[in-house]
Amino acid sequence: MTASTAPKQTSITTHLGNGLKVIAIENPAADIVSARIFLPVGQGHETPENAGIFSLLTSLLTRGTAHRSSLDIAEAVEYVGASLGADSASDYSLVSIKTVSADFENIFTLATEILREPSFPQNEIELERKLTIQGLRSMQEQPFSVAYKCFREGMYGNHPYGFSSMGTEETIMAIQRDDLLEAHSQHFRPDNMVVVIVGRINPEKAIALVDNLLGNWETPKHPATAPRLPPVDSHAYRIVTPQETNQAFVIIGYLAASVKHPDFAALKLLSTHLGNGLSSRLFVELREKQGLAYDVSAFYPTRLGPSQFVSYIGTAPENTSVALDGLQSELRRLCEVPLTAHELQVAKNKMLGQLVSKLTDILLSYSAGTRFWD
Amino acid sequence: MSLAPDTSASNSSDSGQTNVPFPASVIPLDNGLTVIHQEIAATPVVVVDVWIKAGARYEPNAWTGMAHFLEHMVFKGSEQILPGMFDAAIENRGGLTNAATSHDYAHFYMTVAADDLPHALPYLADLLLHAAIPADEFVRERHVVIEEIHQSWDDPDWIGFQTLSEMIYGDHPYGRSVLGSPEVLRERSPEEMRQFHRAYYQPENMQVVITGGISLEHVLELVQTTFRAFPQRASYPAVELTSSPRLCTNPRNTLALPRLEHGRLVMAWLAPGIDDLASACGLDILATVLAEGRMSRLVRELREDRQWVDEIASSFSIQQDCSLFVLSAWLTPKHIQQVEQVICDRITSLATIPITTTELERAKRVLCNDYAFSMETPGQLAGLYGYYGTLAKPELSLAYPDYVRAYSTEQLMSLAEQYLSPNHCGTLALTPA
């Protein structure tokens, strides 16, 4: 499978006068239009003192603008059966909508309003603060989340990637309305923004709509701030956190190359070989041959800053050391024995095949991604 | 073999409600197998989704967990295919495969490049029809399934749902865990599993759904050459016949769990199964009115205004014998009693005061659009057709929006009166131990 066999689409990529990049792709297969608005701001712009601020900020975008209350916004979206959401991740923030074609213009207009003119009502801040803290606590119910939190903190320390994207109870309690307003005016700006629209919509009309709604947004005089990522000390750690659970989770991970590094693609292929799918090395060696686990896998997230090359396994507590040995020996083998030509080809096929299968999603995030990761 | 696509393909649903012609072809083969196909032009992939009436409901009591364990063992090969060969054959070419088991069905699916289907389909067919269930693999894979069970035991929401199912379904198989228990699985033998396989993996229980960039002619040719020579039928321990569950009481329990950071309150009502899809659709509307979206009654009152819950959600799932209407709240344990009271009051009022037309319109739009959003990809379509094909018939998959749109506020009121009594509901609270 190769990406070049994707369905034919008509698309336009352009920049508005204020620098905003727009990608419009016509895909008339269904009576649906999706749009995503990406901003290159996320955890990378946070400090240990305000960790979680962009997650809190984006969760508040749908909770009030200069012209509408939280319920007004919910009403506008729900009465046409659309979806409108906002979210923040390691390196970007995102507003996304999905509608039937006829409702697209209205809901996209609303999306640009929440993006440009959020009002951060005090009562809504308190509600989202409470929900965020409860969200942080409930992650402690899941053994994998407990293990991953320890792993992340051990690897990154005070680097922004060391925190949950929701921050900590302390930082969330400390964030004030003024902080949110300041972060919004500082980082939400058209010149580094990417809008992607896909669906049953004429691309020229889509571009005109974006120009009409966002074209008059003036770029601030001050330059956009790049993430300030402190260096990360890399040294070996072993952290053990006993929990009364039915399974033990073992995670082994390494600091790894950012998306800009020349080794990025090679590491993606290694991670795919190691943990992607029912025929991957970890699945075959530890699950199929030894029956150690139901859940065993690997991941290597795409990051602007120092990423992580991670493998993990969930196993019966009495098998913990066997599982640890198993993970270690497979990782060692990756370092010592080159992949065969066949293994390498399979890893490439897997990555490309899954790209085609998830075409719409990949189109949305990749198109925008090229902008951030240039 | 008679293909007769003219008699069975592209007929409109006979629900009498929908005017949309059914876009897929439904082809019954002579051996009893049903093929469902829809060509999606300009798609480079093909999805195969094989649905089998071989879910946990068909297990004898003493074999609980067998259907799901068998789903794992199917991937362990046949006489022709060694363990792991199938996974590698599909994934080596960039395809994906997996499977899932529920009470009503097991299904096995793969996504492959359109050109790879002739290579991939014979593997899947051979595994399904001629699963070898080797004894040594049986023992090894049992460890994996037991780890899957352990993982579910670490999930409080799973424990809550399973406990509530046991409370409301009584002796009906829906009350048993699909995963089974380690104790029961350790008692089972490979030969018993082969019996179960030979009894249920038969053509009349099977729907082969294929969607994507491939023609009907090609699909039929491939299916006919690969899905033949079904296993010789086996006898098996008879499944105790159970009537549809009825909830005449009001079971209520509180369970204290370790490591809990949230309390939970889960309330569930029994509803008609797939035989009465119209009523099921009406109850789906009520579930949306109550707790789907910030404008819904309970989200607005309990999370946004009173702030007694961190989250409240409704779910309505259609099953063969009966469906389940569920309200789940995540909350501080001290609010459990108050929230339960509010839910009971709001449920009661659905049966006495009609919902507003604005609420009805909102719910209809939300449900009909969600339905449209769930039919975008070949995989989603294949899943939808297979699911309805297994529970009733594939054409019924298109009836949903028409049933939803037809409802009036008065009809919903009588539906609530009939099915949503606070006196016939199961309630489970989870609190930190």
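1. In chain B, six strands form an open sheet in the order S1-S2-S6-S3-S5-S4, with mixed pairing. Its edges are S1 (25–28) and S4 (96–101) of chain B, each of which pairs on one side only. Direction ignored, neighbouring strands of the sheet are turned by 15° against each other on average. The model is a predicted one.

2. Within S5(B), B:His107 stands opposite B:Ala100.

3. Two helices of chain B should be noted with the sheet. Helix H2 (residues 66–74) of chain B lies across S4 and S5 of chain B and runs at about 165° to S4(B). Helix H9 (residues 216–226) of chain B packs on the sheet, where it touches S1, S2 (34–39) and S6 (206–212) of chain B. The direction of H9(B) makes about 150° with that of S2(B).

4. Helices H10 (residues 277–291) and H11 (residues 297–305) of chain B pack at an angle of about 25°, their axes 3 Å apart. H10(B) is therefore roughly parallel to H11(B), since angles under 35 degrees count as such. B:Val289, B:Leu290 and B:Ala291 of H10(B) make the contact with B:Arg297, B:Leu298 and B:Val299 of H11(B). By class, this contact has 5 nonpolar, no polar and 1 charged residues.

5. Between the chains, 50 residues of chain A are in contact with 47 residues of chain B. Elements of chain A that each supply at least two residues to this side include H4 (122–138) and S9 (307–315). H12(A) gives the largest share, 8 residues. The chain A side divides into 21 nonpolar, 17 polar and 12 charged residues.

How values were computed: Residues numbered from 1 in each chain as written. Chains lettered and ligands numbered in written order. Predicted model: local features only at pLDDT ≥ 70, side-chain atom pairs only at ≥ 80, totals over all residues. Axes fitted to C-alpha atoms, helices over the stretch in contact; angles between N-to-C directions. Helix = DSSP H or I, 4+ residues; strand = E, 2+ residues; numbered from the N terminus. Parallel < 35°, antiparallel > 145°, perpendicular 65-115°, else oblique. Contact = placed C-beta atoms within 7 Å. Nonpolar A, V, L, I, M, F, W, Y, C, P; charged D, E, K, R; others polar. Pairing = 2+ DSSP bridges.
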